[in-house]
Amino acid sequence: MPTPYLELFEHSGTPKATRRRIELLSDITQVGRERGLEVEITLEAANVSRRHAEIRKQNNSFVVVDLGSFNGTFLNGRRIAGAEVLNDSDVIQLGPGGPSLRFRRQ
């Protein structure tokens with residue numbers, strides 16, 4: 001079984017903006033502007049909180065959780081309020097118009 005991963009995009013999930021691939025090797029992957037996080041977003045991304053969201057492995061699935069960020073976390077264009085199960089090709093956006101991550105299982 002392939003290792004699930006995230007594709008980090010600078011803007012709006014366009015393939016041209018791909019920055020990097022982040023394999024989901026641990027049970028919790030934190031995303032934000034704080035140095036040292038598994039997915040560190042550039043400091044220029046003002047709509048991203050220091051600790052914005054995290055991806056958690058739960059049993060054989062992965063969920064995304066907002067960590068109380070000011071601008072919110074969106075899953076496929078919808079702001080999330082609690083843990084949301086991720087499916088292949090789901091897009092997580094960090095604040096409106098912010099950087100996005102595509103979840104890949106295959």
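The questions and answers below concern a predicted model.

Biologist: In what order do the five strands of the open sheet lie?

Modeller: The five strands form an open sheet with mixed pairing. At its edges are E4 and strand E9 (residues 84–85), each of which pairs on one side only. The order is E4-E3-E5-E6-E9.

Biologist: Do E3 and E5 run parallel or antiparallel?

Modeller: Strands of a sheet pair through backbone hydrogen bonds, either parallel or antiparallel. E3 and E4 are joined by two bridges and run parallel; Val-31 has Val-39 in E4 as its bridge partner. Between E3 and E5 there are four bridges, and Thr-29 stands opposite Ile-55 in E5. The direction of E3 and E5 is antiparallel.

Biologist: Which residue takes a positive phi in the hairpin of E5 and E6?

Modeller: E5 and E6 are joined by six bridges and run antiparallel. Within this pairing, Glu-54 stands opposite Val-65 in E6. The hairpin has two residues between the strands, and the residue whose phi is positive, near 55°, is Asn-59.

Biologist: How many residues does the largest nonpolar core have?

Modeller: The residues with the most contacts inside this core are Leu-6, Ile-41, Ile-55, Leu-86, Ile-92, Leu-94 and Leu-101. Strand E1 (5–9), strand E5 (53–58), E6, strand E10 (91–94) and E11 each supply at least two of its residues. The number of residues in the core is 20.

Biologist: Which residues does Ile-92 touch, not counting residues up to four places away in sequence?

Modeller: Ile-92 is among the residues with the most contacts inside the largest nonpolar core. Ile-55 and Leu-86, which Ile-92 touches, are also named among those residues.

Biologist: Why is the aromatic pair of Phe-62 and Phe-103 called tilted?

Modeller: A pair of aromatic rings is described by the distance of the centres and the angle of the planes. The count comes to one aromatic pair. The rings of Phe-62 and Phe-103 have centres 5.7 Å apart and planes at 50°; planes under 30 degrees apart count as stacked and those over 60 as edge-to-face, so this pair is tilted.

Biologist: How many residues apart are Phe-62 and Phe-103?

Modeller: Phe-62 counts as buried at 4% relative accessibility, and Phe-103 counts as buried at 0%. Phe-62 lies in strand E6 (residues 61–66) and Phe-103 in strand E11 (residues 100–104). The pair thus links distant parts of the chain, and the separation is 41 residues.

Biologist: Is His-52 buried or exposed?

Modeller: His-52 is found in the loop between strand E4 (39–40) and E5. Leaving aside neighbours within four places in sequence, His-52 is in contact with several residues, including Val-31, Asp-66, Thr-73 and Leu-94. With a relative accessible area of 0%, His-52 is buried.

Biologist: Which residue forms a salt bridge with Glu-7?

Modeller: Side chains of opposite charge can pair when their charged atoms come close. The count comes to seven salt bridges. In the one formed by Glu-7, the closest N and O atoms are 3.6 Å apart, and both partners are buried. The partner of Glu-7 is Arg-102.

Biologist: Which parts of the chain does the pair of Glu-7 and Arg-102 tie together?

Modeller: Glu-7 and Arg-102 form a salt bridge. The two residues are 95 residues apart in sequence.

Biologist: At what distance from the ring centre of Tyr-5 does Arg-21 lie?

Modeller: Arg-21 counts as partly exposed at 48% relative accessibility. Arg-21 also forms a salt bridge with Glu-23, which counts as partly exposed at 39%. Arg-21 lies over the face of Tyr-5, and the distance from the ring centre is 3.6 Å.

Biologist: How far apart are the closest N and O atoms of Arg-51 and Glu-34?

Modeller: Arg-51 counts as partly exposed at 39% relative accessibility, and Glu-34 counts as partly exposed at 26%. The two residues form a salt bridge, and the closest N and O atoms are separated by 2.9 Å.

Methods. Residues numbered from 1 in each chain as written. Predicted model: local features only at pLDDT ≥ 70, side-chain atom pairs only at ≥ 80, totals over all residues. Heavy atoms only, no water. Phe/Tyr/Trp six-rings, centres within 6.5 Å; stacked < 30°, edge-to-face > 60°. Buried < 20%, exposed > 50% of the residue type's maximum accessible area, 1.4 Å probe, protein only. Lys NZ or Arg CZ within 6 Å of the ring centre and 35° of its normal. Core = buried A, V, L, I, M, F, W, Y, C linked by side-chain atoms within 4.5 Å. Contact = heavy atoms within 4.5 Å. Salt bridge = Lys/Arg side-chain N within 4 Å of Asp/Glu carboxyl O. Pairing = 2+ DSSP bridges.
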